[in-house]
Amino acid sequence: MVRKLGYNAATGSNLLGELESRGFDTAIVGGLTTPICVGTTVDGLKSAGIRVAVLSDATASQPIGEYSAELSHEFSIARIGYLIGQVTTTDEVIRSVADANEGPMGHRPARST
């Protein structure tokens, strides 16, 4: 987690520096609100060359004008998926990490100490 100042965590925090210092080329993003802070952050990450996955069930919106919170969220998620990167869920990420940690025949690889 990083503390951000402003809507866009890619430009309003040390997020890009943290990702670079840790050797990460991908960010998994959740937060509030989908059309504003999440949207501007993923735009900034993509512009900086970072791959992005947005957690559709770990983001939400508020009503925008005549549009409900649900519609604002759905449209923003659709835009992100179309233009920016992958849209996934927390369960899918957890399953993917668990699968990546499984070795052949369902055994976990030994950890070196």
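**Sheet, helices and selected residues of the predicted model**

In strand E3, Val87 stands opposite Val54. The structure described here is a predicted model. E2 and E3 run parallel and are joined by 3 bridges. Helix H4, formed by residues 90-101, packs on the sheet and touches E1, E2 and E3. The direction of H4 makes about 130 degrees with that of E2. Helix H3 lies across E2 and E3 and runs at about 170 degrees to E2.

The sheet is open and consists of 3 strands in the order E1-E2-E3, with parallel pairing. E1 and strand E3 (86-88) are the edge strands, each of which pairs on one side only. On average, neighbouring strands of this sheet are turned by 30 degrees against each other, direction ignored.

The protein as a whole contains 4 helices and 3 strands. Along the sequence, these elements follow the pattern α-β-α-β-α-β-α. The protein has 113 residues, of which 29% count as buried. Its C-alpha atoms fill a box of roughly 55 × 30 × 20 Å, taken along the principal axes. Among contacts in the protein with a separation of 6 or more, 62% are accounted for by residues 24 or more positions apart. The protein exposes about 7,700 Å², and carbon and sulfur atoms supply 57% of this area. There are 9 positive and 12 negative side chains in the protein. The centres of these two sets of charges lie 8 Å apart.

Helix H2 spans residues 34-47. The buried residues in H2 are Thr34, Cys37, Val38, Gly39, Thr41, Val42, Gly44 and Leu45. The C-alpha atoms of Ser47 and Ile84 are 9.2 Å apart in space, while the two residues are 37 residues apart in sequence.

In the loop between E1 and H2 is Thr33. A cis peptide bond joins Leu32 to Thr33, with omega at about -10 degrees. Just after H2, Gly49 takes a positive phi of about 90 degrees.

Ser61 is placed in the loop between E2 and H3. The relative accessibility of Ser61 is 16%, and Ser61 therefore counts as buried, the cut-off being under 20%. When residues up to four places away in sequence are not counted, Ser61 touches Thr33, Thr34, Pro35, Ala69, Ser72 and His73. Ser61 and Ser72 are 11 residues apart in sequence, and their C-alpha atoms are 6.3 Å apart in space.

Ala69 counts as buried because its relative accessibility is 17%. Apart from residues up to four places away in sequence, which are not counted, Ala69 touches Ser61, Gln62 and Pro63. Ala69 and Arg95 are 26 residues apart along the chain, and their C-alpha atoms are separated by 28 Å.

Ser76 is also placed in helix H3. Ser76 is buried because its relative accessible area is 7%. With residues up to four places away in sequence not counted, Ser76 touches Thr34 and Pro35.

Terms used. Residues are numbered from 1 along each chain as its sequence is written. This is a predicted model: local features need pLDDT of at least 70, side-chain atom pairs count only at pLDDT 80 or more; totals for chains, interfaces and linings use all residues. Side-chain values use heavy atoms; hydrogens and water are left out. Buried means under 20% relative accessible area, exposed over 50%, partly exposed in between (1.4 Å probe, protein chains only). Helices (H or I, at least four residues) and strands (E, at least two) are DSSP runs, numbered from the N terminus. Two strands pair if DSSP finds at least two bridges between them. Axes are lines fitted to C-alpha atoms, for helices over the stretch in contact, and angles run from 0 to 180 degrees between N-to-C directions. Contact means heavy atoms within 4.5 Å. Accessible areas come from the Shrake-Rupley method with a 1.4 Å probe; for residues, only the protein chains shown count as cover. Lys and Arg count as positive and Asp and Glu as negative; His and the chain ends are not counted. The place of a charge is taken as NZ of Lys, CZ of Arg, CG of Asp or CD of Glu.
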